[in-house]
Amino acid sequence: MEGLAPVAKGTPAFAAPDSAVEVDRAIVAALDIAFQRAVKNNDADAMDAILHDQYFLVLGDGRVVTREELLDAARNRQNIYEIQDEDSGTQTVRVWGDTAVVTARLWIRGTRAGMPFERRLWFGDTYVRTADGWKYAFAQASLPLPAEL
């Protein structure tokens, strides 16, 4: 392709110095933890600051939750969370240039319309680097995991 500088075989064209990738990884990891805390506290303002304008979530059954639906659920305190935390040691952050993906297992316990719920699930969260910093653009959540024996 014209205009592209040759890159050594096996070296990604978008490779950043390891230290820069580690900084990005730490920023995104902290953002994802902050987002989970904001959801737990129904803090729509904090969620809004982290979410990309075009954010959406795909649930394990295929339903899609838009950015506004997610923020409205927080504003209306649709769920009251006792626990909404990543299980310790399960978070992995991978960074490729201006895109980062977080995977982790999430433990959720609370009430919705007075009915209790509890489940664990795996999720994948995609962050993109923007002029305003890293923004949370896409999420996919698994179906609830079987109860541990």
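Is Arg67 buried or exposed? Arg67 is buried, at a relative accessible area of 11% (buried is under 20%, exposed over 50%, partly exposed in between; 1.4 Å probe, protein chains only). The model is predicted: local features need pLDDT of at least 70, side-chain atom pairs count only at pLDDT 80 or more, and totals for chains, interfaces and linings use all residues. Residues are numbered from 1 along each chain as its sequence is written, and side-chain values use heavy atoms, without hydrogens and water.

**View 1. Arg67 and Asp48 form a salt bridge.** The N to O distance is 2.6 Å (a salt bridge is a side-chain nitrogen of Lys or Arg within 4 Å of a carboxyl oxygen of Asp or Glu). The pair links distant parts of the chain: Arg67 lies in helix α3 (residues 67-75), Asp48 in helix α2 (residues 44-50), 19 residues apart. Helices (H or I, at least four residues) and strands (E, at least two) are DSSP runs, numbered from the N terminus. Asp48 is partly exposed, at 33%.

**View 2. A salt-bridge network links Asp48, Arg67, Glu68, Asp72 and Arg75.** Within it, Glu68 pairs with Arg67. Their closest N and O atoms are 3.6 Å apart. Glu68 is partly exposed, at 41% relative accessibility.

**View 3. Glu82 and Arg109 form a salt bridge.** Their closest N and O atoms are 3.1 Å apart. Glu82 is in strand β3 (residues 79-86) and Arg109 in strand β5 (residues 99-112), 27 residues apart. Arg109 is partly exposed, at 25%.

**View 4. Glu148 sits in the segment after β7 (133-141).** Glu148 is exposed, at 62%. Leaving aside neighbours within four places in sequence, Glu148 contacts Arg105 and Arg120 (contact means heavy atoms within 4.5 Å).
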